[in-house]
Amino acid sequence: MREENWRETAESVVIAFILAFLFRTFEAEAFVIPTGSMAPTLYGAHRDITCEQCGHRFAVGASTPPAHDSELRNGWIDHDRRMHSAVCPNAACQFANNVLDREIFAGDRILVNKFPYDHREPSRWDVVVFKCPETAKTNYIKRLVGLPGEEIQIRRGDVWYRRLDTDSPWQIARKPIEKQNQIQILVHDNDHPARALLQRGWPESWGGLPGTQWEEDAIRRSFRIDPTGEGRQRLQWLRYSHYLPRPQDWMASDGGPLPQQPQPQLIHDVYGYNMRITSDQAEASQRRREPLSLGFRELASNWVSDLSLSCELHPEGDEGEILLEIVEGQRRYRCRFNLGTGRGQLEHPSEMSPTGDESDLVLVGAPFESGLSVGRPHSVQFTNFDNRLVVLVDGSVKQSVDLDLTPEAPHPALSPDDLRDGLLDRSPVGIGSQGAALRVAQLRIHRDIYYTEDNAQGRADPLFRLVDSEDNSRDEFLMLGDNSPRSHDSRLWRDSHAVPRQLLIGKAFCIYWPHAMPFLNGGRGFPVSSYREQGDAKAATIPRFSLPFLPQLGRMKRIW
Ligand SMILES: [Zn+2]
């Protein structure tokens, strides 16, 4: 049975008005997202946390009725299953925030356009609502990754496709940049440092390599270089290293030295949305006098090499060159900006160079106008997702080049079978100055979604074949959740992996009502009523509904 909830009622009234307005315009239907299988694009029931150490704001999934592992049971808190802590996903932080008394918010409410596919064919990457082919009753929402007449394979986190029953070469499915920017996942935000660890000697994730003239402004979280003397002649790197504090490092931050000198790690397919510790797990570790840590299921295991760097870049003189670098295995992809000419060029040092000579460069695509001007800050993004290099300056695409595996491709990609991680993949992002004076700030690193072939619930077939019928009646589509480790989708349905055309309901197009945000009392509002633990009056309660609240305008948005 559903809990009575004041806020739900209040929200529903507002929603009714919005819908009345919208239904006049669209053939739309409203849905509430129940689970986190599409997180972080769409939230199911969740908690909103601002990390008490680094200030990064993130959502972490909650389990509510009728889920078998629900935190609530018949209106009471289930002691063992209630969430104890949520681990901050910001790489340099990883602090386990206590969330025992945090409100559980309902999932995103979305609008679904019910008849878009009467007028046009579904496209890859659409977020689609459909009837689950296993039960044909439950509505599911996933991302469409495979179209009729395609054979689909998941390789190293990416979707590959080719025409069914042909020997045509496999092609990687690429996300358009505007979609990519909406669904990419934060790895590290340099503007949210875990100061308590830094004060104890934990290394900063970004820093000039030894012997370089990069200077750090630890308060403004920016870096500056103005090369002098012999420094004007050489390439000087500012680099990101993927340091990941462990629970024991946080425990040691109360006193005494850090347990050991940290080493940079590979970037893994971590989903902050899944990083929760139950009370049961927390009490077990407390009994063993061990620090709080994630259960085995939440530990990511796949190296993610598709990365994106975004920053504010402020050239201070019109001499020299700025390099942005993203490493992927044997490749060091670079974007080179010449401040004198105002032009940019994508390139990578040849990995075939027998001497490892940096000057042996392979140019990727044509030179382009960078749009960078001296004396003012620009927002710059350099990405390597799905074998596509893209450069954006102040929000507009300046260059985009696809790398392919076919022998005749102008820009050959590395085959996913040949990709090997190296030492540099632990420090995979850099900003270089070759005689250029500049300042950088707002450094952020994101990663691509990583589709796994299996998840906690089982292993999938490696190949998916999708029927394309003459009259479209038996056409099939392949659907995957953005939160791959926690999504029950095409990979795991037993009888047929595919969704037949007649089970498609529509295309999700906007979040019209994310949960309302309480304010005052540190952003948590004041609870009007609360859930309690049965038989334990002293246990922390979970707010059922808090006042006052505001609509969350920032998350009301189009779904990409
Ligand atoms: Zn944090």
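Strand E18 (residues 235-240) pairs with strand E28 (residues 429-434) in the antiparallel sense, over six bridges. Within this pair, Leu238 has Ile431 of E28 as its bridge partner. The model described here is predicted. E18 and E28 belong to an open sheet of seven strands, ordered E15-E18-E28-E21-E22-E23-E24 and paired antiparallel. Strand E15 (206-208) and strand E24 (361-369) stand at the edges; each has a single partner strand, so one side of each is left without a neighbour in the sheet. From one strand to the next, the twist averages 20°.

**Domains**

The domain assignment divides the protein chain into domain 1 (6-109 + 511-558), domain 2 (120-174 + 464-505) and domain 3 (206-240 + 305-447). Between the C-alpha centres of domain 1 and domain 3 the distance is 39 Å.

**A three-stranded sheet**

A second open sheet consists of three strands in the order E7-E6-E19, with antiparallel pairing. Its edges are strand E7 (96-98) and strand E19 (276-278), each with a single partner strand, so one side of each lacks a neighbour in the sheet. Neighbouring strands of this sheet are turned by 30° against each other on average, direction ignored. Strand E6 (residues 83-87) and E7 are joined by three bridges in the antiparallel sense, and Ser85 stands opposite Asn98 in E7. Helix H6 (residues 279-287) packs on this sheet, where it touches E6 and E19. The direction of H6 makes about 75° with that of E19.

**Strand E33**

Five of the five residues of strand E33 (residues 476-480) are buried, so E33 is largely enclosed by the rest of the structure. Both faces are covered: Glu476, Leu478 and Leu480 lie on one side, Phe477 and Met479 on the other, and all are buried. E33 pairs with strand E10 (residues 139-146) and with strand E34 (residues 499-500). Phe477 stands opposite Val499 in E34, while Leu478 is the bridge partner of Gly146.

| Strand pair | Sense | Bridges |
|---|---|---|
| E18 and E28 | antiparallel | six |
| E6 and E7 | antiparallel | three |
| E10 and E33 | antiparallel | three |
| E33 and E34 | antiparallel | two |

In soluble globular proteins, nonpolar side chains tend to be buried together. The largest nonpolar core here has 111 residues, of which Ile110, Ile141, Leu309, Val440, Leu478 and Met479 touch the most other members. Residues up to four places away in sequence aside, Leu309 touches Leu324, Ile326, Gln381, Phe382, Val429 and Ile445.

Ser308 is found in strand E20 (residues 307-315). Is Ser308 buried or exposed? With 24 C-beta neighbours inside 10 Å, Ser308 counts as buried, because the cut-off for a buried residue is 20 or more. Apart from neighbours within four places in sequence, Ser308 is in contact with Gln184, Gln381, Thr383, Phe385, Ile445 and His446. Gln381 and Ile445 are also among the residues that Leu309 touches. Ser308 and Trp493, 185 residues apart in sequence, are 33 Å apart in space, C-alpha to C-alpha.

Definitions and conventions:
Residues are numbered from 1 along each chain as its sequence is written. This is a predicted model: local features need pLDDT of at least 70, side-chain atom pairs count only at pLDDT 80 or more; totals for chains, interfaces and linings use all residues. Domain bounds come from an automatic or database domain assignment. A nonpolar core is a set of buried Ala, Val, Leu, Ile, Met, Phe, Trp, Tyr and Cys residues joined through C-beta atoms within 7 Å. A residue is buried if 20 or more other C-beta atoms lie within 10 Å of its own, exposed if 12 or fewer, and partly exposed in between; C-beta atoms are placed from the backbone. Two residues are in contact if their C-beta atoms, placed from the backbone, lie within 7 Å. Helices (H or I, at least four residues) and strands (E, at least two) are DSSP runs, numbered from the N terminus. Two strands pair if DSSP finds at least two bridges between them. Axes are lines fitted to C-alpha atoms, for helices over the stretch in contact, and angles run from 0 to 180 degrees between N-to-C directions.
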